[in-house]
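Have a look at the model first, then read on.

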Amino acid sequence: MNEAQQAGLQIDWAGLAPMVIVFVAAFGGLLVEATVPKGRRLVVQVSLAVLALAAAFVAVVLNSDKHGTAFSIEGVGIGSVVLDGPGLFLQGTLAILSIIAVLLLAERRTTRGGDFVAEAAVVADSAADKAQRREDGATEIFPLTLFAVGGMMMFVTAGDLLTMFVALEMLSLPLYLLCGLAKRRRLISQEAALKYFLLGAFASAFYVYGMAMLFGFAGTVDLAGINQAGVDSGQPRLFLYIGVAMIAVAMLFKAAAVPFHMWTPDVYTGAPTPVTALMAACVKVAAFGGLLRVFNVGLASSAWDWHLILTVIAVATMLGGAIFAVTQRNIKRLLAYSSIANAGYLLIGVIALGEAVGQTMFYLAAYGFTVIAAFAVVSLVRDGDEEATHLARWAGLGKKSPGTAVVVTILMLALAGLPFTSGFTAKFSLFAAALQADELGLVIVGVVSSAILAFPYLKVVVLLWLNEPAPDAPTVNLPSPMAGTVVAAGVAATILLGIVPGFLLDLVDQASTFLNT
Amino acid sequence: MNELPLLSALVAVPLIGAVIVASIRRENADAARWTALGVSGAVALLTALVALGFDYSAGAPWLQFTESYTWIDAWDLNLSWGIDGIALLLVILTAGLTPIAMLAAWRDLDSVKRSVPAFFALILALEAAMLATFLASNVLLFYFFFEAMLVPMYFLIGSYGTGQKKQYAAVKFFLYNLLGGLLMLVAVIALWVDNGGVFDWQTLVDADPMAAGTLQNWLFLGFFLAFAIKAPFFPFHTWLPDAGGAAPAAAAALLVGVMDKIGTFAILRYCIPLFPDATKTFAPWVIGMSVIGVLYAAFVAIGQTDLKRLVAYTSIAHFGFIGIGIFAFTQEAATGAVLYMFNHGLATGLLFMVVGFLTIRRGSAQIADYGGAAKTLPLLAGIFLFAGLASLSLPGTAPFISEFLVLLGAFNGTFGGNEPVAVLATLGIILAAAYVIWMYQRTMQGTRNPVLDEMPGMKRDLTVREKALVAPLVIAILVFGFYPQPLIDAAQPAVDNTLLFISGSTEDLPAAEGVTNE
């Protein structure tokens with residue numbers, strides 16, 4: 001018997017396995033950078049990342065009936081890592097989505113040497129910068145991605161605010177760096193990275209301050225303890241208000257809710273498109289996983305205190321995202337604002353608390369697949385070496401590349417929430433859950449926002465099919481099997497979840513109970 | 001009752017046909033045309049089987065040929081199909097008009113560089129979605145197809161339409177209907193939450209009626225708004241003239257002839273049985289809207305300079321009549337409204353086809369571009385006049401019976417002070433005469449526009465193909481004008497069942513048919 005066990009600390013290693021696998025693989029990736037010859041690094045890194053994520057997924061599946069904490073002292077759970085239905089479901093979702101994202105990161109056929117440079121900090125357009133653009137892209141992106149994904153997995157299972165903070169930093173820092181690595185339009189990419197980093201740092205500061213407030217109020221950082229304190233703490237309730245507000249600011253920043261969304265369009269546009277896809281799908285899952293847990297487990301008892309302000313934010317997010325999306329002329333910015341509006345719909349699920357947890361998770365999974373495929377397509381439509389992101393350049397794509405245009409049409413109709421796509425099933429189940437929780441007003445705003453948002457999506461479809469192509473129209477690069485798989489998987493999931501969503505609906509239904517609620 | 005899954009086949013055949021036609025290569029345009037026509041012929045055949053096997057007696061089950069297959073259990077969303085007399089008439093209309101519309105558009109695409117297989121695949125997909133809305137006996141299933149049908153129609157207008165404003169018209173059509181549909185979605189979900197998770201129409205109808213009150217009123221409004229936009233009733237009509245004006249003639253015939261009927265059909269199928277008290281509460285308002293619609297649209301129609309827009313406005317006036325018929329809550333008026341839906345499909349379908357023949361010959365739908373055209377196109381002019389007169393409900397044509405029944409029922413009605421309504425609506429008939437006759441006079445009679453003599457197309461009267469496709473419509477309009485009894489027999493039992501909800505004596509409903517194929 002070693003010392004820890006004598007002290008009564010038990011660790012559920014199987015439960016921690018998904019994260020351990022991803023983190024070990026991330027460190028392994030760093031070693032690969034140091035040891036494997038340059039020519040073979042890409043293959044090794046991609047296989048390592050995909051295998052690790054697949055193994056993590058298998059580990060999540062093996063854990064699927066767990067309902068407890070990973071660490072416990074003499075049989076009493078301590079909440080730093082919580083293995084419960086929502087946590088495991090979201091870990092699994094993250095694993096699958098990030099496998100797809102990694103494949104997109106590995107795409108090398110559309111642009112020679114990949115979309116990434118090796119060093120983010122080199123002065124843009126300097127001689128050194130031009131030199132590194134001619135070289136093959138960096139393969140450090142894979143371990144960086146793994147660190148971020150590991151952080152996300154930790155974020156959705158963190159049971160106390162402190163662990164959550166560590167996870168937040170863990171997922172954020174690699175992303176700041178990844179945003180700055182775009183090979184084309186270096187300056188915008190660097191601007192995106194800096195903007196994301198500065199605002200992210202602010203958000204983290206808010207988080208820590210809020211955590212201190214909540215600790216002052218509850219005497220613990222454990223979420224269940226904070227919930228209990230919401231009922232019986234003798235401390236001034238002001239601490240609770242300030243704490244909730246600060247924590248919410250930090251998490252809503254990551255989730256891109258209005259008015260904390262300002263970074264989203266710029267960062268989504270500036271970051272390399274595969275990284276944007278990773279952020280739009282996986283970071284969204286992680287952020288909302290965290291929000292669901294904090295509000296359901298930690299703050300359910302004080303729901304009365306935060307309900308109004310969160311409702312206001314949700315309304316602003318749904319309408320703001322939709323209205324600004326209407327005026328966009330750049331497909332990446334359009335998708336960014338659409339992602340903001342979708343954050344608003346997801347906030348309905350957070351506000352509706354317990355009744356909507358499963359449906360919110362379903363929405364996250366469905367949206368993740370669709371949006372990853374959408375960004376993958378964006379990375380395929382190119383003017384020479386650069387992505388043709390200006391919408392006018394997409395005019396008449398249906399004539400020249402009908403296959404791509406069909407894919408985009410399906411994705412746009414799914415985002416607009418038409419029946420027979422995952423967009424409809426996700427919205428239907430989320431709105432139904434919200435109505436069950438008596439959130440009629442939010443649902444009506446959500447529906448109005450969906451109607452507004454349908455216009456920009458439709459604008460894209462009009463451009464594709466009904467407009468004549470320009471003589472120098474962009475080409476659609478034939479993807480390698482990598483990006484091809486991404487698009488195919490995204491579209492297949494979009495259609496399957498629209499037509500036969502039964503199995504996933506049952507799954508989220510079973511997995512919708514948090515520990516300690 | 002019936003062994004063959006006929007109703008499933010009615011939806012599946014055009015859907016599969018659409019996929020097959022879409023996969024035909026662009027160069028094989030003729031193969032696509034004939035395959036599509038064959039598929040729509042098969043649908044017509046299946047429809048005939050359903051019509052022959054249908055039980056028209058008064059005590060027959062409300063929904064017949066019922067089938068149900070589990071789809072998404074968690075939501076009570078099943079592939080449940082069933083047909084009543086009203087739906088039967090509209091299914092016959094759909095199955096009949098679709099092949100005719102295809103024939104009408106047979107060669108229209110030769111001059112434009114658009115894919116022929118895609119056009120016919122879209123028409124088949126549209127047919128499948130429209131049939132599915134008539135046949136669905138599950139509220140959410142209905143909603144699925146109600147929304148999904150926007151997609152093929154959107155491409156038909158936007159991609160194959162005519163005129164400068166076709167994209168604008170397509171987007172307006174889509175967004176207007178999507179907004180209505182989404183508001184309905186809220187009501188659909190709220191209904192589901194309120195009744196404890198039931199979407200099955202038969203179960204909902206058999207259950208105790210919903211308590212009257214605020215919730216029922218809001219749910220009614222959610223459903224009704226979507227249907228009023230789809231129909232469209234004044235003042236939700238502004239998308240129709242644009243869409244009808246921009247759509248290719250064949251698609252316009254389906255849009256106005258069939259798709260718009262889904263709105264009025266759904267009011268009868270969903271609003272009245274599910275929300276009877278709210279329906280009564282709002283009936284005076286709807287009737288008011290309808291009367292305004294009849295008069296306003298007729299005036300606007302008189303002022304139109306574009307043939308297709310003119311026909312679209314006449315339809316808005318006609319939907320006013322249907323609205324009056326439904327919400328007068330008398331047996332004559334409601335039966336008249338159902339007949340109106342069917343007959344209007346025939347007459348307006350014919351009118352759109354003839355206008356299509358004219359515009360493809362002249363290359364313009366502007367009334368001012370014609371004048372004295374009858375000289376070289378006597379037969380076409382004759383059919384044009386016939387369609388116009390049918391549309392203004394001349395006695396002896398089928399629409400007369402329905403309009404007469406609606407006005408009679410409205411006049412005799414006991415609900416909401418209906419004599420003034422009937423009198424005002426009758427004014428609409430006079431206005432209808434004005435716009436039809438004037439339209440005919442400006443295009444066909446009078447001084448001949450010299451430009452017409454330079455157009456080879458304007459010297460070519462109806463071709464064999466064109467004759468073949470107007471003939472069934474002309475015959476049907478005449479036959480049902482003199483002998484409407486089969487239509488009345490089909491519609492009456494379902495209308496009576498629906499009105500039982502208004503009188504509150506739902507215990508008299510016939511027993512439901514046992515569902516085949518679980």
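Which helices of chain A each supply at least two residues of the lining of the second largest cavity? They are helix 15 (357-378), helix 17 (402-416) and helix 18 (422-436). Keep in mind that this is a predicted model. Rolling a probe the size of a water molecule over the atoms shows where empty space is left.

**The second largest cavity**
- This cavity holds about 90 Å³ of space.
- Its lining includes A:Y363, A:Y367, A:L415 and A:K427.
- Sorted by class, the lining comes out as six nonpolar, four polar and one charged residues.

**The largest cavity**
- Overall, the count is 13 cavities of 30 Å³ or more, and the largest cavity has a volume of about 190 Å³.
- There are 16 residues lining the largest cavity, and the closest to its centre are A:A182, A:R184, A:R185, A:K332 and A:E387.
- In chain A, helix 11 (263-270) and strand 5 (386-387) are the elements that give two or more residues to this lining.
- Eight charged residues sit in the lining of the largest cavity, along with four nonpolar and four polar ones.

**A helix in chain B**
- Now hop over to helix 14 of chain B, which covers residues 331-362 and so has 32 residues.
- From first C-alpha to last, helix 14 of chain B reaches 45 Å, close to the 46 Å expected at 1.5 Å a residue.
- Helix 14 of chain B is mostly covered, with 29 of its 32 residues buried.
- Just after this helix comes B:G363, which takes a positive phi of about 75°.

Conventions: Residues numbered from 1 in each chain as written. Chains lettered and ligands numbered in written order. Predicted model: local features only at pLDDT ≥ 70, side-chain atom pairs only at ≥ 80, totals over all residues. Heavy atoms only, no water. 1 Å grid on protein atoms, 1.4 Å probe; cavity = no way out; pocket = protein on both sides within 12 Å on 5 of 7 lines; lining within 4 Å. Points joined across faces, edges and corners; volume = space filled by probe spheres on them. Helix = DSSP H or I, 4+ residues; strand = E, 2+ residues; numbered from the N terminus. Nonpolar A, V, L, I, M, F, W, Y, C, P; charged D, E, K, R; others polar. Expected span 1.5 Å × (residues − 1). Buried < 20%, exposed > 50% of the residue type's maximum accessible area, 1.4 Å probe, protein only.
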